[in-house]
Amino acid sequence: SHNNKRDFKNHYIVCGFGRMGSYVCREFHLGEIPFVVVENNPDAQAKVIQAGYLLSPGDAAEEDVLIAANIKSAKGLVAVLNSDAANVYTVLTARELNPELEITARAAEETAIKKLQRAGATKVMSPYQIGGFRIVMGILKPNVMSFLEVAMNREHLDLQLEEVVVGEESDYCGKPLVETGIRRDLDLIIIAI
């Protein structure tokens, strides 16, 4: 783990360490993805340090706070603060500081989705939409749903779902799937291209 956020490049900035933020950080940590947490609240800051994560204290909507978290050389930012307004301000500031940044934001209210997109979010997630979709999928397509839950869960090491980029120099490039022998050689199943 990096101890100095100055060395950070291609990292993620997680803004907010509530329930959603701590979940995101846990997944990043398990995936060995470098990240720094921006948090204003002293209780939440203590939890960040307790978890052994890198803290960059302050209000995520403030320019200097995001600059201190090395936003200029970051790969992405995740805005999961406890209010839609705070997320909108954070996304606006982040987008202005780094036009290339991949920004994912959480919208609590439906009305915030468009605002976050206008503010410059690359992806907007609504937990209620995701939750509702999963409930319906669980009813209508239970086997698909349980497969996806197993595949997306890091604790199940017998099955992992991964996304891989095939480079131009790859032997697989330009060949029909059946001719690659990928299943035989690597013992994997391609779900989508």
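**Sheet and nonpolar cores**

In this predicted model, an open sheet is formed by 6 strands in the order β3-β2-β1-β4-β5-β6, with parallel pairing. The edges are β3 (55-57) and β6 (123-125), each of which pairs on one side only. From one strand to the next, the twist averages 20 degrees. Strands of a sheet pair through backbone hydrogen bonds, in either a parallel or an antiparallel manner.

Within the sheet, strand β1 (residues 12-15) is paired with strand β4 (residues 76-79) over 4 bridges, in the parallel sense. In this pair, Ile13 is found opposite Leu77 of β4. Helix α4 (residues 84-97) packs on the sheet and touches β1, β4 and β5 (102-106). The direction of α4 makes about 175 degrees with that of β5.

The two residues that stand opposite each other, Ile13 and Leu77, also belong to the largest nonpolar core, which has 28 residues. Ile13, Cys15, Ile71, Leu77, Val91 and Leu116 are the residues with the most contacts inside this core. At least two residues of the core are supplied by each of β1, β2 (35-39), α3 (63-68), β4, α4, β5 and α5 (112-119).

The surroundings of Leu77 can be described residue by residue. Neighbours within four places in sequence being left aside, Leu77 is in contact with Tyr12, Ile13, Cys15, Leu66, Ile71, Thr90, Ala94, Leu101, Glu102, Ile103 and Thr104.

Definitions and conventions: Residues are numbered from 1 along each chain as its sequence is written. This is a predicted model: local features need pLDDT of at least 70, side-chain atom pairs count only at pLDDT 80 or more; totals for chains, interfaces and linings use all residues. Side-chain values use heavy atoms; hydrogens and water are left out. Two strands pair if DSSP finds at least two bridges between them. Axes are lines fitted to C-alpha atoms, for helices over the stretch in contact, and angles run from 0 to 180 degrees between N-to-C directions. Contact means heavy atoms within 4.5 Å. A nonpolar core is a set of buried Ala, Val, Leu, Ile, Met, Phe, Trp, Tyr and Cys residues joined through side-chain atoms within 4.5 Å. Buried means under 20% relative accessible area, exposed over 50%, partly exposed in between (1.4 Å probe, protein chains only).
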